[in-house]
Amino acid sequence: MKNIIFDFGGVILNLDISASLKAFDDLGIKEIANSTGHYYRDPVFDKYEIGEATDQEFRNVIKTLSERKITDEEINRAWTKMLLDIPKDRVDFILELKKKYRVFLLSNTNQIHQKQFEPYFFKFI
């Protein structure tokens with residue numbers, strides 16, 4: 001074995017998808033996802049996650065889903081509510097593995113999330 005690949009969200013970064021679902025609900029966006037939170041009803045979520053929609057295109061669609069007028073910042077806060085913590089022991093484990101293996105950290109993340117977690121993640125390195 002020469003390479004080890006980790007998924008970032010839900011493996012290294014703790015997530016609480018229900019926190020974002022509740023935050024969107026609080027913004028007047030009802031039933032944005034199925035009961036597990038792993039399937040969003042509007043295709044903009046998938047497009048955004050794979051880079052086919054920009055931050056602003058994503059937010060513009062989200063605004064049309066709300067029962068009230070919401071701001072870009074409110075959308076960013078709701079969308080990043082799911083991001084919890086990155087336990088230091090997980091980062092330490094990756095850094096230890098890096099001494100013997102090529103380590104890769106992959107994610108289908110988006111720019112709004114990335115701006116939120118990167119400073120936290122890189123403070124360990």
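Reader: Which residues does N110 touch, not counting residues up to four places away in sequence?

Author: N110 touches Y48, E49 and W79, where contact means heavy atoms within 4.5 Å. This is a predicted model, in which local features need pLDDT of at least 70, side-chain atom pairs count only at pLDDT 80 or more, and totals for chains, interfaces and linings use all residues. Residues are numbered from 1 along each chain as its sequence is written, and side-chain values use heavy atoms, with hydrogens and water left out.

Reader: Is N110 buried or exposed?

Author: N110 is buried, at a relative accessible area of 4%. Buried means under 20% relative accessible area, exposed over 50%, and partly exposed in between, with a 1.4 Å probe and protein chains only.

Reader: And where is N110 placed?

Author: In the loop between β2 (102–106) and α6 (111–122). Helices (H or I, at least four residues) and strands (E, at least two) are DSSP runs, numbered from the N terminus.

Reader: Different topic. How do the axes of α1 and α4 cross?

Author: They cross at roughly 150 degrees and come within 7 Å. Axes are lines fitted to C-alpha atoms, for helices over the stretch in contact, and angles run from 0 to 180 degrees between N-to-C directions. So α1 is roughly antiparallel to α4, a label for angles over 145 degrees, with under 35 roughly parallel, 65 to 115 roughly perpendicular and the rest oblique.

Reader: Which residues make the contact?

Author: S20, A23 and F24 of α1 meet I75, A78, W79 and T80 of α4.

Reader: What does I62 touch?

Author: Leaving out residues up to four places away in sequence, I62 touches F24, I29, V44, F45, I70 and I75.
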